[in-house]
Amino acid sequence: MGTKHQGDSLLEAQRAKASLPPLYKVLLLNDDFTPMDFVITVLQKFFGMDREQATRIMLKVHNEGRGLCGVFPRDIAATKVEQVAVFARDHQHPLACVMEEN
């Protein structure tokens, strides 16, 4: 009898997992023009990072070509990508922010 209950709860867990919306990674992409300090500002302003965290991600973007800002539900990820794009454009920087399914 115990086995049946375990099977039921496993099935419920799989159903619950299946109904969760997919999450999206938000990434900053490296370019040769955006100042490092601006990237740090973006990470602090839009992703709630402290200066140390933001500096770490900025260096990852600089050295590896891209850096993970966070993982979010689709709507939030899309909003953050748009906010970063507008902010970068307003400051005349070509900083690119993209989202991809996690």
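Predicted model: local features only at pLDDT ≥ 70, side-chain atom pairs only at ≥ 80, totals over all residues.
## Threonine 34, helix 2 and the overall fold

Threonine 34 is buried, with a relative accessible area of 12%, and its place in the chain is the loop between strand 1 and helix 2. The chain contains four helices and three strands, which follow one another along the sequence in the pattern α-β-α-α-β-α-β.

**Threonine 34 and its surroundings**

- Leaving aside residues up to four places away in sequence, threonine 34 touches Val39, His93, Pro94 and Leu95.
- The side chain of threonine 34 also reaches the backbone nitrogen of leucine 95, at a distance of 3.3 Å.

**Glutamine 92, in another loop**

- Glutamine 92 lies in the loop between helix 4 and strand 3, the latter covering residues 96-101.
- Although glutamine 92 and threonine 34 are 58 residues apart in sequence, their C-alpha atoms are 8.8 Å apart in space.

**Helix 2**

- Helix 2 runs over residues 36-47, and at 1.5 Å a residue its twelve residues should span 16 Å, which agrees with the 16 Å that separates its end C-alpha atoms.
- The buried residues of helix 2 are Phe38, Val39, Ile40, Val42, Leu43, Phe46 and Phe47.
- An α-helix has 3.6 residues a turn, so residues three or four places apart point the same way.
- The partners against which the buried residues of helix 2 pack are strand 1 (23-29), helix 3 (51-64), strand 2 (66-73) and helix 4 (74-90).
- Val39 belongs to this buried set of helix 2 and is also one of the residues that threonine 34 touches.
- Just after helix 2, glycine 48 adopts a positive phi of about 60°.

**The chain as a whole**

- The chain has 102 residues, of which 29% count as buried.
- Among contacts in the chain with a separation of 6 or more, 72% are accounted for by residues 24 or more positions apart.
- The chain exposes about 6,900 Å², and carbon and sulfur atoms supply 55% of that area.

How values were computed:
Residues numbered from 1 in each chain as written. Heavy atoms only, no water. Helix = DSSP H or I, 4+ residues; strand = E, 2+ residues; numbered from the N terminus. Expected span 1.5 Å × (residues − 1). Buried < 20%, exposed > 50% of the residue type's maximum accessible area, 1.4 Å probe, protein only. Contact = heavy atoms within 4.5 Å. Polar contact = N/O pair within 3.5 Å; in protein donor to acceptor, adjacent residues only side chain to side chain. Areas by Shrake-Rupley, 256 points an atom, 1.4 Å probe, with all protein chains shown as cover.
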